[in-house]
Amino acid sequence: MPTAPNLNKFKGSISNSLGFISNKSEDFVEISKIKYKIYLEENSMDDLYRDIGKDLFKIFKTSSHIDHSLLDYCNTLKKIENRIDALQKKLDKINNKK
């Protein structure tokens, strides 16, 4: 049977291990949330790319010039790219913490 000091050491070891597992679980959840946000942002970009293509083709068919309405798409895409970059940096920071 373990002595009291050995039992305390054993309890401390278990407590430390549980704390470590808890921290890793929190990191995993945070990483998953960030990756999902990146996925959603990339899907938003894909939708905008598709819309840009449709508008460009309409303009092509009518032989008109490209107008400024396409700038809205580009500006929105740039904002999404910036959000993705920020999320990626947050993800890298969590991964480097390991």
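Okay, hi everyone. A bit of housekeeping before we look around. Residues are numbered from 1 along each chain as its sequence is written, and side-chain values use heavy atoms, with hydrogens and water left out. What you see is a predicted model, where local features need pLDDT of at least 70 and side-chain atom pairs count only at pLDDT 80 or more, while totals for chains, interfaces and linings use all residues.

So, the overall picture. By helix I mean a DSSP run of H or I with at least four residues, while a strand is a run of E with at least two, and the numbering starts from the N terminus. Helix H1 covers residues 4-62, and helix H2 covers 69-97.

The expected span of a helix is 1.5 Å times one less than its number of residues. H2 has 29 residues, so it should span 42 Å, and its end C-alpha atoms are 43 Å apart, which agrees.

How much of the chain is buried? Of the 98 residues, 18% count as buried. Buried means under 20% relative accessible area, exposed means over 50%, and partly exposed is in between, using a 1.4 Å probe and protein chains only. The chain exposes about 8000 Å², and carbon and sulfur atoms supply 58% of that. Those areas come from the Shrake-Rupley method with a 1.4 Å probe, and for residues only the protein chains shown count as cover.

Now contacts, which means heavy atoms within 4.5 Å. If you take the contacts in the chain with a separation of 6 or more, 78% of them are between residues 24 or more positions apart.

Next, the inside. A nonpolar core is a set of buried Ala, Val, Leu, Ile, Met, Phe, Trp, Tyr and Cys residues joined through side-chain atoms within 4.5 Å. Which residues touch the most other members of the largest one? Ile 34 and Ile 38 do, out of 15 residues in that core. H1 and H2 are the elements that give two or more residues to this core, and H2 gives the most, with 8 residues. Over in H2, the buried residues include Leu 70, Tyr 73, Leu 77, Ile 80, Ile 84, Leu 87, Leu 91 and Ile 94.

Let's follow a few contacts across, leaving aside neighbours within four places in sequence. Ile 38 is in contact with Ile 84, Leu 87, Gln 88 and Leu 91. Ile 52 sits in H1 and is buried, because its relative accessible area is 14%. Ile 52 touches Tyr 73 and Leu 77, and its C-alpha atom is 8.8 Å from that of Cys 74, 22 residues apart along the chain. Then there's Asp 27, also found in H1. Is Asp 27 buried or exposed? It's buried, with a relative accessible area of 11%, and Asp 27 touches Ile 94 and Lys 97.

On to charges. Side chains of opposite charge can pair when their charged atoms come close. Here a salt bridge is a side-chain nitrogen of Lys or Arg within 4 Å of a carboxyl oxygen of Asp or Glu. The structure holds 4 of them, and I'll show you some.

Arg 83 and Glu 41 meet at 2.9 Å, N to O. This pair links distant parts of the chain, with Arg 83 in H2 and Glu 41 in H1, 42 residues apart. Arg 83 is partly exposed at 40%, whereas Glu 41 counts as buried at 15%.

Arg 50 pairs with Asp 47, their closest N and O atoms being 2.4 Å apart. Both lie in H1, 3 residues apart, about one turn of the helix. Arg 50 is partly exposed at 46%, and Asp 47 is partly exposed at 40%.

In H2, Glu 81 and Lys 78 are 3 residues apart, so about one helical turn separates them. Their closest N and O atoms are 3.9 Å apart.

Last stop, the surface. Leu 7, Phe 10, Ile 14, Leu 18, Phe 20 and Ile 21 form a nonpolar patch with about 600 Å² of accessible area together. Patches are made of residues with over 30% relative accessible area and no salt bridge, where like charges are joined within 9 Å and nonpolar side chains (Val, Leu, Ile, Met, Phe, Trp, Tyr) within 5 Å. Phe 20 is in H1, and it counts as exposed because its relative accessible area is 51%.

That's my tour, thanks!
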